[in-house]
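Let's take a walk through a protein together.

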Amino acid sequence: MPKLLPLSQIQAGDRFGNIRLIATDMDGTLTVAGKFTSQLLQAFEDLATAGIKVLIVTGRSAGWVSGIASYLPIVGAIAENGGLFYHYNSEKSVALTPIANIVNHRQQLAVFFEQLRRKFPHLQESTDNRFRITDWTFDVTGLSTNEIQTLANLCQQMGWGFTYSSVQCHIKPLQQDKAVGLLQVLQKYFPRYAPQEVVTVGDSPNDESLFDESCFPMSVGVANVLEYAQRLHHQPVYVTAAAEGEGFCELARLLVEASLK
């Protein structure tokens, strides 16, 4: 199937009439300039009325995501790029990445980050890193594409996974990514939804696994994904005309319209 098709050219009933669940990234996909908007909250309400559920799949920390899962009108949220899941009616997280000893794991991440910082002294630990369990993050601001690739190579050499978004770089367990975590959650908590009833949404490289058509045949990138499109092996099938949260609202309107046909 061709990729990066304009969402605006798709008739509402063509492929979206059967969608029952949206699995979406958060930063740069639901936010506008880093904030939730009243339009987004209205889109969530409209989707709920149409019987379409929303599941957030984000790189943000466990500490942040536990609150988001409780306060937003969603069915749950996956944190740390597939590391943990928070169901909307439970305060406890579900581990999606097995880690035998969390304390030792955090210590190993801290030591490795300091090794990276000796090579790249300008690396800045992210403000939400203290609230993390499975991964370690530092700000992407100020890093060149070549530096990011070098950091990815160093992580791989030392047995760590690496990904990055529009806001953060993540050092993580090798097999941990959004698709792996989402597939676990779908199988256990939402087994009634077929792959054709789920649409995945994102905007940056850490969303790439959500665009893997072998797992998720329906995927959408908000317009700002085009900044990274040539770096992505897996690209979204559709792209919205609007960027960030406005792009998500564009998709939401299309899905609500399709549900009425």
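What follows is a short tour of a sheet, its cysteines, a cavity and a pocket.

This is a predicted model, in which local features need pLDDT of at least 70 and side-chain atom pairs count only at pLDDT 80 or more, while totals for chains, interfaces and linings use all residues. Residues are numbered from 1 along each chain as its sequence is written, and side-chain values use heavy atoms, with hydrogens and water left out.

Let's start with the sheet. Helices (H or I, at least four residues) and strands (E, at least two) are DSSP runs, numbered from the N terminus. Two strands pair if DSSP finds at least two bridges between them. Here 3 strands make an open sheet in the order β7-β9-β8, with antiparallel pairing. β7 (136-139) and β8 are the edge strands, each pairing on one side only. From one strand to the next, the twist averages 20°; the axes behind such angles are lines fitted to C-alpha atoms, for helices over the stretch in contact, and angles run from 0 to 180 degrees between N-to-C directions.

Now zoom in on β9 (residues 168-172), which pairs with β7 over 4 bridges. Across from Gln168 in β9 stands Asp139, and Phe138 is opposite Cys169. β8 also pairs with β9 over 4 bridges in the antiparallel sense, and the two form a hairpin with 3 residues between them. Phe162, in strand β8, has Ile171 of β9 as its bridge partner.

How much of β9 is covered? Of its 5 residues, 5 are buried, where buried means under 20% relative accessible area, exposed over 50% and partly exposed in between (1.4 Å probe, protein chains only). In a regular strand the side chains alternate between the two faces of the sheet. In β9, Gln168, His170 and Lys172 point one way, and Cys169 and Ile171 point the other way.

What about the cysteines? A disulfide is a covalent bond between the sulfur atoms of two cysteines. The rule used here asks for a pair of cysteine sulfur atoms within 2.5 Å, and the count comes to 0 disulfides. For Cys155, the nearest cysteine sulfur is that of Cys169, 8.9 Å away. Cys155 is buried at 1% relative accessible area, and Cys169 is buried at 0%.

On a 1 Å grid over the protein atoms alone, a cavity is a set of points where a 1.4 Å probe fits but cannot get out, and a pocket is an open set with protein on both sides within 12 Å along at least five of seven lines; lining residues have an atom within 4 Å of a point. Grid points are joined across faces, edges and corners, and a volume is the space filled by probe spheres set on the points. There is 1 cavity of 30 Å³ or more, and the largest cavity has a volume of about 60 Å³.

The largest pocket holds about 700 Å³ of space. It is lined by 28 residues, and Phe162, Thr163, Lys172, Pro205 and Glu208 lie nearest its centre. α5 (145-157), β8 (161-164) and α6 (178-189) each supply at least two lining residues, with the largest share, 6 residues, coming from α5.
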